[in-house]
Amino acid sequence: MSEQHRMASADSAGENLPSLAGHFSNGRLERVLRNGDFAVTAEIAPPDSADAEDVYRRAALFDGVVDAINATDGSGANCHMSSMGVCSLLTRKGYSMIMQISCRDKNRIAIQGDVLGASAMNVANMLCLSGDGVDTGDHPEAKPVFDLDSMTLLQIIRKMRDESEFLSGRKLTKAPPVFLGAAANPFAEPLNYRVHRLAKKVVAGAQFIQTQYCFDLPLFSEYMKRAVDLGLTEKVFILAGVGTMPSAASALWIRKNIPGINIPEWVIKRLKGSDNPKKEGQDICVELMQQLKEIEGVSGIHIMAFKQEESVKNIVNRSGVLDGRVPWMPG
Amino acid sequence: MYIMRKIMVTSAKPANYIYHLLESALVKLDPLWKRLGYQRSEKTIAFFEKNIKAFLFDCKMCGDCVLDKTGMSCPMNCPKQIRNGPCGGVRDNGNCEVKPEMRCVWIEAWRGAKKLTPDSRITPDLEILAPVNHRHKDRSSWFIKIREITDTSGDRNV
């Protein structure tokens, strides 16, 4: 089969689907969500290598259980393979990608160029983030860019897509058809304003939201109730974030060292009391997924199984949140 | 100065009032600036602006001042310089994730905004502030404002 044919068949099987009315992208994630199916996404660990096989191997861990894969953009301000690189490799195999874009390392010129490049490579979803401060990562001496923030980044990509022009007003000859996402942290101070901030992201252009780890379900339910009351869940799909804690010690470390992650006492207690804390952490994740699915306005789950990516398949299958639906996989 | 910064947020209402009074006075003095020459005038105004606002707000002279829209808490003091905050990393005690000893600039912004008016601009209307215009760095935002109002030639690059 010629290279051209091979690409074409990968496209028709994977992303770059025919345009549908009322849809903004040609990707599967938007279709799954608009179809009312409960979606599952997961974060891939970008390798510290220049080997494409590393990326393919890591993506294959999610085959058949996720609708789209998040490619992180130097998360925690640590250096890894770029989200652009990971996305370009995986879209070639037909995977549905969510390219994370952080404002920490690139200015508006670089970011808009990446949006066009990524879209040309069939990246259908982009997640707009302000990004972590450089001080938290492995290169604290780096220059923090922060030319934009998550809100203005959302606005700019929406403008590129809907008005077919750069921020400067210069015209594009083809607009990037992207499904736009943003992050939300319902658990960080000021708690009272978090739903308002969500509303602002929707105004800025967010069509789907992936949240920070949800452990505190009473607090999250309250947040969701307010979001539903404000009519936000009719405008944006909310994917609740979950993760697996390998031990009580690491949960305590995260609680102490990573601001904005809320891990309640019951989680620590269960991990401490278990003979097999790694399995206990996965059990907790499965239970949370099942409970989150029942909360009004939750459209899906976003799994951030840091260093436990190989357990994701088992966790999703055990949770039953897909109701027997098998997401696309390369085959 | 950090302590003054907090006082300015606490007294956001009078601070905002005086700020606008000063701004409109500077606008009214436009004929004077014109006579002295705009370039020379801007230098003088910038000198005063830099010193006054550095003392009161820890001003960084971005030249794109939005104090009246952020509860008199300057967003340039956010380590991520977020114009539409706060980010998701605010600590449980309301302090910054990057500078743990500093109160989150955006928690301060909401505190100040609540004092400005019941329908303070950050809270209900979902206004999204534009990214900083880096060409205005080290210029007087007061002067830029004056020229925006008084310059009728339609030239954006005043």
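Me: How many residue pairs are in polar contact between chain B and chain A?

Reply: The model is a predicted one. The count between chain B and chain A is 11 residue pairs in polar contact, both residues being at pLDDT 80 or more. By class, the side of chain B that touches chain A has 16 nonpolar, six polar and seven charged residues.

Me: What is the area buried between chain B and chain A?

Reply: About 2400 Å² is buried between the two chains, and carbon and sulfur atoms give 59% of this area. Lys80(B), Leu126(B) and Ile128(B) supply 25% of what chain B buries against chain A, more than any other three residues. The contact takes 29 residues from chain B and 27 residues from chain A.

Me: How many salt bridges does the rule find across the interface of chain B and chain A?

Reply: The rule finds zero there. Over all chains, the structure holds 28 salt bridges.

Me: Why is Asn84(B) called buried?

Reply: Buried means under 20% relative accessible area. Asn84(B) has 0%, so the residue is buried. Asn84(B) is found in the loop between helix 4 (38-57) and helix 5 (105-116) of chain B.

Me: What does Asn84(B) touch?

Reply: Leaving out residues up to four places away in sequence, Asn84(B) touches residues of both chains, among them Asp149(A), Arg197(A), Lys200(A), Trp106(B) and Leu129(B). The side chain of Asn84(B) reaches the backbone nitrogen of Leu129(B) at 2.7 Å.

Me: What makes helix 7 of chain A mostly covered?

Reply: Of the 11 residues in helix 7 (residues 194-204) of chain A, 10 are buried. Arg197(A) and Lys200(A) are among them. The buried residues of this helix pack against several elements of chain A, including helix 6 (150-162) and helix 8 (217-229), together with helix 5 of chain B. After helix 7 of chain A comes Gly205(A), with a positive phi near 130°.

Me: Why is the pair of Tyr95(A) and Trp328(A) called edge-to-face?

Reply: Rings pair if their centres lie within 6.5 Å, and planes over 60 degrees apart count as edge-to-face. The centres of these two rings are 6.0 Å apart and the planes stand at 85°, so the pair is edge-to-face. Tyr95(A) is in the loop between helix 4 (83-92) and strand 3 (97-102) of chain A, while Trp328(A) is in the segment after helix 12 (312-319) of chain A, 233 residues apart.

Me: What makes Lys145(B) and Glu23(B) a salt bridge?

Reply: The cut-off is 4 Å between a side-chain nitrogen of Lys or Arg and a carboxyl oxygen of Asp or Glu. The closest N and O atoms of Lys145(B) and Glu23(B) are 3.4 Å apart, so the pair forms a salt bridge. Lys145(B) is in helix 6 of chain B and Glu23(B) in helix 2 of chain B, 122 residues apart.

Me: How do you know that Glu97(B) and Lys80(B) meet in a salt bridge?

Reply: Their N to O distance is 2.7 Å, which is within 4 Å, so the pair meets the rule. Lys80(B) is at 4% relative accessibility, under 20%, and therefore counts as buried. Glu97(B), with a relative accessible area of 12%, is buried as well.

Notes. Residues numbered from 1 in each chain as written. Chains lettered and ligands numbered in written order. Predicted model: local features only at pLDDT ≥ 70, side-chain atom pairs only at ≥ 80, totals over all residues. Heavy atoms only, no water. Helix = DSSP H or I, 4+ residues; strand = E, 2+ residues; numbered from the N terminus. Buried < 20%, exposed > 50% of the residue type's maximum accessible area, 1.4 Å probe, protein only. Polar contact = N/O pair within 3.5 Å; in protein donor to acceptor, adjacent residues only side chain to side chain. Contact = heavy atoms within 4.5 Å. Buried area = accessible area lost by both parts, 1.4 Å probe. Nonpolar A, V, L, I, M, F, W, Y, C, P; charged D, E, K, R; others polar. Phe/Tyr/Trp six-rings, centres within 6.5 Å; stacked < 30°, edge-to-face > 60°.
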